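This report describes aromatic contacts and ligand contacts in one protein model. Please view the sequence and the structure before reading on.

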Amino acid sequence: MQKYKELIFASHNNGKISEIRDMLAPLGIKVLSGNDLELPDVEETGKTFEENAYIKALAAAKEKNMPCIADDSGLCVDAMGGRPGVYSARYAPNRDFNKGIEKLLNELAETKSSNRAAHFSCVIVLAYPSGKYKAFEGRVDGNISTHKSGDAGFGYDPIFVPTGFNRSFAEFDSVEKNKISHRGRALQKLISYLTDNDGL
Ligand code: IMP
């Protein structure tokens, strides 16, 4: 693992990039992002987190002719039939997450359900230019709060309270969040895979 000093993370999402950077920095791995490399945005046409992560990772791997990782993730709310799920980014009007949060709280209220259970899911795909790939999944369960709290993190963090805590993800520092988050858990599996297989 230590011989690999750089890894391309095919994402333009600064929230995700900084989390993945924080998690790989202690291993001495520098993360190059879609922003650093000016990778083109890829249309997410998949119906699952894994399909979308594969589409993004493979496009980058082919473009750069080297193994790349990408993630796809989202918030699945039980009383909304698992929505917004793979559409979490597009669910927020103009990708404005203040509006997205408001929309989600309204939609959940309209269900009249008292069930506020939800989970974040993440699939990280490591893809090779040949098309070969490996997927790593992570999930964190929790509840949707009735109002926003905290200003750390990104996306739907201010309304997601992980099980066993009484504060939202936006009230966690990044080290704490990465230990239990969907992305942190998926990344741990990727790190174990790279370690067991002596790198890429
Ligand atoms: P995509 O994976 O680029 O399609 O975007 C996933 C979307 O899900 C993000 O834009 C966020 O809205 C949401 N999301 C994924 N992970 C998190 C997280 O850790 N916190 C808050 N929102 C998240």
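## Rings, charges and ligand

R167 lies over the face of F172, with 4.3 Å to the ring centre. A charge counts as sitting over a ring if NZ of Lys or CZ of Arg is within 6 Å of the ring centre and within 35 degrees of the ring normal. K132 is placed over the face of Y128, at 4.8 Å from the ring centre.

The model is predicted: local features need pLDDT of at least 70, side-chain atom pairs count only at pLDDT 80 or more, and totals for chains, interfaces and linings use all residues. Residues are numbered from 1 along each chain as its sequence is written, and side-chain values use heavy atoms, with hydrogens and water left out.

The structure holds eight aromatic pairs. Rings of Phe, Tyr and Trp (its six-membered ring) pair if their centres lie within 6.5 Å; planes under 30 degrees apart are stacked, over 60 edge-to-face, and the rest tilted. Two of these pairs are listed below.

| Pair | Centre to centre | Angle between planes | Type |
|---|---|---|---|
| F97 and Y156 | 5.3 Å | 85 degrees | edge-to-face |
| F136 and Y193 | 5.4 Å | 55 degrees | tilted |

F97 belongs to helix α4 (residues 97–110) and Y156 to the loop between β6 (133–144) and β7 (160–162), so their pair ties together parts that are 59 residues apart in sequence. Helices (H or I, at least four residues) and strands (E, at least two) are DSSP runs, numbered from the N terminus. The pair of F136, in strand β6, and Y193, in helix α6 (residues 182–196), links distant parts of the chain, 57 residues apart.

Y156 is buried, at 4% relative accessibility, and F136 is buried at 6%. F97, at 25%, counts as partly exposed. Buried means under 20% relative accessible area, exposed over 50%, and partly exposed in between (1.4 Å probe, protein chains only).

Ring pairs also join F120, F160, F165, F169 and F172 into a cluster.

In the side chain of K177, an N or O atom is 2.8 Å from an oxygen atom of the ligand. E44 has a polar side-chain atom 3.1 Å from a ligand oxygen atom. For H182, a polar side-chain atom lies 3.1 Å from a nitrogen atom of the ligand.

Terms used: A polar contact is a pair of N or O atoms within 3.5 Å; within protein, one must be able to donate a hydrogen and the other to accept it, and residues adjacent in sequence count only if both atoms are side-chain atoms.
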